[in-house]
Amino acid sequence: MKNRGLSFKFTLMFVGFTLATLILTSLLSFYSQMHIYKSQKEESLQKVAVYLEKLLVTDGEEFLLFNQYFIEHASEFKIPIDFNWDTVEQDRVRYETLFQQQNPGKVLGQTVSFDELSDELKHIFTQYNFEYYRMLFDEVQDTFGIIYAYYLIPTGEKGHMYWVLDAIREPVEKDGETYMNLCIDVPNSEEGYPLMWEAWYSGKSPRGYHIYNNEYGKTYAYYAPLSVKEKTIGVIGVEVEIENVNHEILIDTLKQMLVTGSILILSMSLLLVIIRVLYIKKLVKLRNFVEEYSYEKKPEITKKLKAEIKNKDEISTLMAKFSDMIYELELYMQNLRKTKKDLQKTRKQAIELNELAYKDALTGIRNKTGYDREVMLIEWEMAEGLQEFGIALIDLNFLKKINETFGDDKGNAAIVLLSEIICRVFEHSPVFRLKDGEFAVVLKDSDLKNITELIIEFQRRLGDFQKNHHLEVWQRVSAAIGFAIYDPNIDAAFENLFKRAEEALHANKKEMKARFQNLTKSAD
């Protein structure tokens with residue numbers, strides 16, 4: 001009974017320690033993650049609102065025309081509730097085709113005003129723009145993980161807002177068909193939505209967030225005024241669901257609690273077994289020997305006792321057992337260190353595999369996957385104000401002819417040689433191989449500032465190779481190059497910048513082709 005009592009007390013102690021540790025660490029983890037996550041979400045909402053504002057302001061006059069006409073004629077539109085990007089493209093083509101038919105050779109806003117357009121053309125123009133802007137808001141919601149993004153305009157009646165670009169596609173019946181309910185007049189009192197109206201009246205983004213608790217759930221809302229030509233024309237709102245935030249953090253905390261608890265329970269169970277085997281049983285055996293000797297007074301018990309303690313007194317024996325425990329603990333720690341070392345090795349291998357995923361096997365530079373990742377990072381930085389960068393596109397000439405004439409291995413050799421030249425010239429910028437003989441350079445730092453000189457240096461190096469008749473044909477590499485520098489006034493997205501660089505590349509190819517034809521004629 002005494003043995004059971006001692007084991008039971010140890011068990012209670014370990015259970016209490018485990019529970020206290022789990023509860024304390026879980027609470028600290030939960031509140032720490034809650035604070036960090038809320039701060040990040042609040043900052044993210046601000047950036048999303050500013051990003052939407054920039055998207056709409058970029059269109060400037062065209063957005064103003066849409067804005068005014070849509071509010072005045074919202075009831076006349078029949079927009080399908082399930083429209084998508086294909087619908088937007090179809091309506092864009094329909095608008096441009098009809099515009100050219102009715103206004104051949106003219107440009108909206110320059111040689112023909114919006115008021116001069118036919119009612120049909122105004123209607124198609126406004127419907128196309130509504131679908132386009134609404135799809136942009138949907139994409140922003142999906143990309144940034146927010147639940148609502150919308151654009152509002154005061155109706156003129158106190159405390160009322162038109163929901164122009166609504167967060168929810170609300171259906172309405174018209175002529176027996178289901179369409180979107182457009183430009184809904186919603187009562188949003190100034191007392192109930194102070195930050196929304198502060199953004200409208202002040203023309204500035206208010207500090208802080210509004211917390212909604214309605215039929216759509218509990219959300220954080222942030223507002224930013226939309227101003228075009230220094231005039232506030234509406235308010236942009238973005239929201240994130242608080243319950244989702246709490247749920248995600250709670251799930252993470254429970255996962256951590258489960259893992260930590262499993263480790264603690266296994267460790268404590270092992271430790272209880274060790275204590276029982278190495279100490280409690282030894283003490284019980286020692287107690288039994290003493291009791292047996294006390295009752296029977298047999299000298300043989302003394303021999304058994306001495307044999308058990310190996311001719312040492314009780315303190316020495318306990319010390320020896322402590323030494324055994326320390327040895328067992330050392331083995332345990334060695335296993336932990338080995339496990340840690342194995343985990344570090346596995347992590348290092350995972351990092352190396354991750355690097356290989358972004359590395360081009362032929363040239364050793366970064367591949368198309370690495371390029372896509374770089375573009376994604378740049379687009380995030382563009383949304384935060386990055387303005388100093390550019391892109392250069394390079395295309396190896398005659399690659400197909402080299403492959404067909406000399407074989408793919410010679411074509412690969414030409415690709416590798418061109419890659420080395422590009423890396424030497426643009427040594428301060430990341431270089432990517434997109435496919436075959438196509439390369440991209442994201443221009444940064446001194447390479448961006450000295451791009452003109454570097455283009456000349458690049459062409460000079462290629463010229464030296466082409467003039468060197470000691471080299472094989474595939475070693476005399478020739479390539480076209482085109483570049484573009486980011487301009488926030490014309491590049492609404494990275495894709496715009498890429499297209500300008502691509503146009504410059506094609507222009508260089510055309511120029512090189514013309515130069516080659518002239519040289520051929522002169523030789524004849």
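Trainee: What share of the accessible surface of the protein chain belongs to carbon and sulfur atoms?

Mentor: Bear in mind that this is a predicted model. The accessible surface of the protein chain is about 31,800 Å². The part that belongs to carbon and sulfur atoms is 55%.

Trainee: How many helices and strands are there in the protein chain, and what share of its residues count as buried?

Mentor: The chain has 14 helices and twelve strands. Buried here requires a relative accessible area under 20%. Of the 524 residues, the share that counts as buried is 36%.

Trainee: Which strands stand at the edges of the open sheet of four strands?

Mentor: The order in this sheet is β10-β11-β9-β12, with antiparallel pairing. An edge strand has a single partner, so one side of it is left without a neighbour in the sheet. The edge strands are β10 (431–435) and β12 (479–485).

Trainee: By how many degrees are neighbouring strands of this sheet turned against each other on average?

Mentor: Direction is ignored for this value.

Trainee: Are α3 and α4 roughly parallel or roughly antiparallel?

Mentor: The axes of α3 (residues 85–102) and α4 (residues 119–144) come within 9 Å and cross at roughly 155 degrees. Angles over 145 degrees count as roughly antiparallel. The contact includes Trp 85 and Phe 99 of α3, and Phe 125 and Tyr 132 of α4. Given that crossing angle, α3 is to α4 roughly antiparallel.

Trainee: Is the crossing of α3 and α4 left-handed or right-handed?

Mentor: Handedness is assigned separately from the angle class. For α3 and α4, the crossing is left-handed.

Trainee: Is Glu 230 buried or exposed?

Mentor: Glu 230 lies in the loop between β7 (217–228) and β8 (231–241). Its phi is positive, about 60 degrees, although Glu 230 is not a glycine. The cut-off for exposed is over 50%. With a relative accessible area of 85%, Glu 230 is exposed.

Technical notes:
Residues numbered from 1 in each chain as written. Predicted model: local features only at pLDDT ≥ 70, side-chain atom pairs only at ≥ 80, totals over all residues. Heavy atoms only, no water. Helix = DSSP H or I, 4+ residues; strand = E, 2+ residues; numbered from the N terminus. Buried < 20%, exposed > 50% of the residue type's maximum accessible area, 1.4 Å probe, protein only. Areas by Shrake-Rupley, 256 points an atom, 1.4 Å probe, with all protein chains shown as cover. Pairing = 2+ DSSP bridges. Axes fitted to C-alpha atoms, helices over the stretch in contact; angles between N-to-C directions. Parallel < 35°, antiparallel > 145°, perpendicular 65-115°, else oblique. Left-handed = near helix turned anticlockwise from the far one by under 90°. Contact = heavy atoms within 4.5 Å.
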